[in-house]
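Open the model in your viewer and keep the selection panel at hand. The stops below go from the whole interface to single residues.

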2 protein chains.
Amino acid sequence: MNTIEAIYNRCSYRGTYKDTSVPREHLIKIMEAGLAAPSGCNKQTTSLIAVDDSEILKKLHAVIQPPIGETAPAMICVLTRRINAYRDKCYATQDYSAAIENMLLAIVELGYQSCWIEGHITDEDRIGYQMAQMLKVPDEYELVAFLPVGVADDECVRVKKLPFEERAWFNGFGKE
Amino acid sequence: MNTIEAIYNRCSYRGTYKDTSVPREHLIKIMEAGLAAPSGCNKQTTSLIAVDDSEILKKLHAVIQPPIGETAPAMICVLTRRINAYRDKCYATQDYSAAIENMLLAIVELGYQSCWIEGHITDEDRIGYQMAQMLKVPDEYELVAFLPVGVADDECVRVKKLPFEERAWFNGFGKE
């Protein structure tokens, strides 16, 4: 699969997963893809924890309410350090977003499905913080998102997007 | 090139470009890759303007000081609308970052080089705003980054990154 195919095949999968386990070798490949993303001033603010221990997964999913991705045999938790790249400029959000996108594409390339889960765990109930506590994440890191990883039971239902000409132009706003 | 190869081949190129033009068909492919990125609650907050008109490029580069990417025959400007996905939650930064990463990978896949240029144009001198004015971008959109696109004159020099085991673990922080 070439990159552009992977980009089109990526889809936010919210269904159930088969119990086929994800080999460590694949989880490493996915995380390496994430860490290969650029970061502002090369500050490398993103770190990752893959979870494939079923007991730990169970504990993590117990706090993820309402549940999502709970049948996936693995997940990758995304940590960020909100440090400045220079002066008062922090690009941590850009950094982890690029890392997540790389991982989502690597996941597709390797035949798995996933979904970028962020808003759900960074809301007022601070689910991400509870997950971080379970994973013994130091306070200077924030757990901002997780990606379930596994073989999907079903086809992924694609969201509808605006047509190209409403979002992309040439040589000036709104120009075809 | 498969996705994982493209992820490794991506590099922040800051050198000069050959004057080989980038066909529209390729610019469209790159922008389509960007627009295929996920967005929080599918709000599609990212829009794009490709510039390949040499006069307009010259005007834009006149305000980008110190210069970067000024020899590239094309650039893609990244616009965002900072609207909320739900309640007070805005994921516009995540959205455009994922779109940029997709475009950087598509650029590599098609044999070009680029660089994510953001901090340089979103600083106090508001270069991005000046660029947006030239491109007649309405006020509700913010020009947050641009990507030069072209065939590189030189090899790209890769930044050094921390080893995997300092940024990625299994089943708990710091665990191998």
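Select chain A and chain B together: about 6100 Å² is buried between them, and carbon and sulfur atoms give 57% of that area. Buried area here is the accessible area (1.4 Å probe) that two parts lose on being put together, summed over both. Now pick B:Arg167, B:Asn171 and B:Phe173, which supply 13% of the area that chain B buries against chain A, more than any other three residues.

This is a predicted model, in which local features need pLDDT of at least 70 and side-chain atom pairs count only at pLDDT 80 or more, while totals for chains, interfaces and linings use all residues. Residues are numbered from 1 along each chain as its sequence is written, chains are lettered from A and ligands numbered from 1 in the order in which they are written, and side-chain values use heavy atoms, with hydrogens and water left out.

Next, select the residues in contact (heavy atoms within 4.5 Å): 70 come from chain B and 71 from chain A. Of the interface residues of chain B, 100% are also interface residues in chain A, so the copies meet through the same surface.

Helix H1 (3-9), helix H2 (24-35), strand E1 (46-51), helix H4 (92-109) and strand E4 (168-170) of chain B each supply at least two residues of the side that touches chain A. H4(B) gives the largest share, 11 residues.

Which strand of chain B is joined to strand E1 (residues 46-51) of chain A? Three bridges link E1 of chain A to E4(B), and the two run parallel; strands pair if DSSP finds at least two bridges between them. Centre on A:Leu48, whose bridge partner in E4(B) is B:Ala168.

Go on to the salt bridges (a side-chain nitrogen of Lys or Arg within 4 Å of a carboxyl oxygen of Asp or Glu). Four cross the interface of chain B and chain A. In one of them, the closest N and O atoms of B:Lys89 and A:Asp123 are 3.8 Å apart. Then select B:Asp123 and A:Lys89, whose side chains meet at 3.7 Å, N to O. B:Asp123 lies in the loop between H4 and helix H5 (127-134) of chain B and A:Lys89 in the loop between strand E2 (74-80) and helix H4 (92-109) of chain A, so the pair joins two chains.

Finish on the backbone. A:Arg87, in the loop between E2 and H4 of chain A, has phi near 40°, a positive value in a residue other than glycine. The peptide bond from A:Gln65 to A:Pro66 is cis, with omega near -5°.

Note on methods:
Helix = DSSP H or I, 4+ residues; strand = E, 2+ residues; numbered from the N terminus.
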